[in-house]
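Biologist: I would like to learn how to read a protein model. Could we go through one feature at a time?

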Amino acid sequence: MIIFMKNKILRKLFLGFMQIHILHHAKKEPIYGTWMMKELKEHGYKISPGTIYPMLNRMEKEDLLTKEEKNMDGRIVKFYTITTLGEEVLKEAREKAMELTHEVKVKGDNLDSI
Ligand SMILES: [Zn+2]
């Protein structure tokens, strides 16, 4: 039960991290679901197609990403690129993430001695 709760809480937190990660890459170059899923897995996130595709779709609806469909060897692939709003969100999220990292890294060290 505790493990279940822990996973549930971490999952909720990581959904936000993953969205920042998506914005970060969509700013550099157009990304697509399979590639992004692989990238997130390499960073240690467990993510399935059932999570990544609805997430990209929602981020497009929220105007954080724009979608462009391209024909790749007869298959339609949806490529996503960051929007101006997405860039603004990424900028703020990045500042907060850095501030948070600093806070938990520097001040969090004291937790070990409690
Ligand atoms: Zn990455």
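Biologist: Where is the place of D63?

Modeller: This is a predicted model, so keep that in mind throughout. D63 sits in the loop between α3 and β1 (65-72). Its phi is near 65°, a positive value in a residue other than glycine.

Biologist: How many helices and strands does the protein chain have?

Modeller: There are 4 helices and 2 strands in the protein chain. Read from the N terminus on, the order of the elements is α-α-α-β-β-α. The C-alpha trace spans about 60 × 35 × 25 Å along its principal axes.

Biologist: How are two packed helices described?

Modeller: By the angle between their axes and the distance between the axes. Take α1 and α2: they pack at an angle of about 120°, and their axes are 11 Å apart. That angle makes α1 oblique to α2. The crossing of α1 past α2 is right-handed.

Biologist: Which residues of α1 and α2 meet?

Modeller: On the α1 side they are M18, H21, I22 and H25, and on the α2 side M36, E39 and L40. By class, this contact of α1 with α2 has 4 nonpolar, 2 polar and 1 charged residues.

Biologist: At what angle do α2 and α3 pack?

Modeller: The angle is about 120°, with the axes of α2 and α3 10 Å apart. This makes α2 oblique to α3. Here α2 contributes G33, M36 and M37, while α3 contributes P49, I52, Y53 and L56. The contact of α2 with α3 divides into 6 nonpolar, 1 polar and no charged residues. α2 passes α3 in a right-handed crossing.

Biologist: What tends to happen to nonpolar side chains in soluble globular proteins?

Modeller: They tend to be buried together. In this model, 14% of the 114 residues of the protein chain count as buried. The largest nonpolar core has 14 residues, and L23, A26 and L65 have the most contacts inside it. At least two residues of this core come from each of α1 (2-28), α2 (33-42), α3 (49-61) and β2 (75-82).

Biologist: Which residues is L65 in contact with, leaving aside its neighbours within four places in sequence?

Modeller: Among them are A26, L56, M59, Y80 and I82. Contacts can also be read for the chain as a whole. Of the contacts in the protein chain with a separation of 6 or more, 46% are between residues 24 or more positions apart.

Biologist: In which strand does F79 lie?

Modeller: F79 lies in strand β2. With 18 other C-beta atoms within 10 Å, F79 is partly exposed. Leaving aside neighbours within four places in sequence, F79 is in contact with P30, I31, Y32, E68 and K70. The C-alpha atom of F79 is separated by 14 Å from that of P54, 25 residues away along the chain.

Conventions. Residues are numbered from 1 along each chain as its sequence is written. This is a predicted model: local features need pLDDT of at least 70, side-chain atom pairs count only at pLDDT 80 or more; totals for chains, interfaces and linings use all residues. A residue is buried if 20 or more other C-beta atoms lie within 10 Å of its own, exposed if 12 or fewer, and partly exposed in between; C-beta atoms are placed from the backbone. Two residues are in contact if their C-beta atoms, placed from the backbone, lie within 7 Å. A nonpolar core is a set of buried Ala, Val, Leu, Ile, Met, Phe, Trp, Tyr and Cys residues joined through C-beta atoms within 7 Å. Axes are lines fitted to C-alpha atoms, for helices over the stretch in contact, and angles run from 0 to 180 degrees between N-to-C directions. Angles under 35 degrees count as roughly parallel, over 145 as roughly antiparallel, 65 to 115 as roughly perpendicular and the rest as oblique. A crossing is left-handed if the near helix is turned anticlockwise from the far one by less than a right angle, and right-handed if clockwise. Ala, Val, Leu, Ile, Met, Phe, Trp, Tyr, Cys and Pro count as nonpolar, Asp, Glu, Lys and Arg as charged, and the others, Gly among them, as polar.
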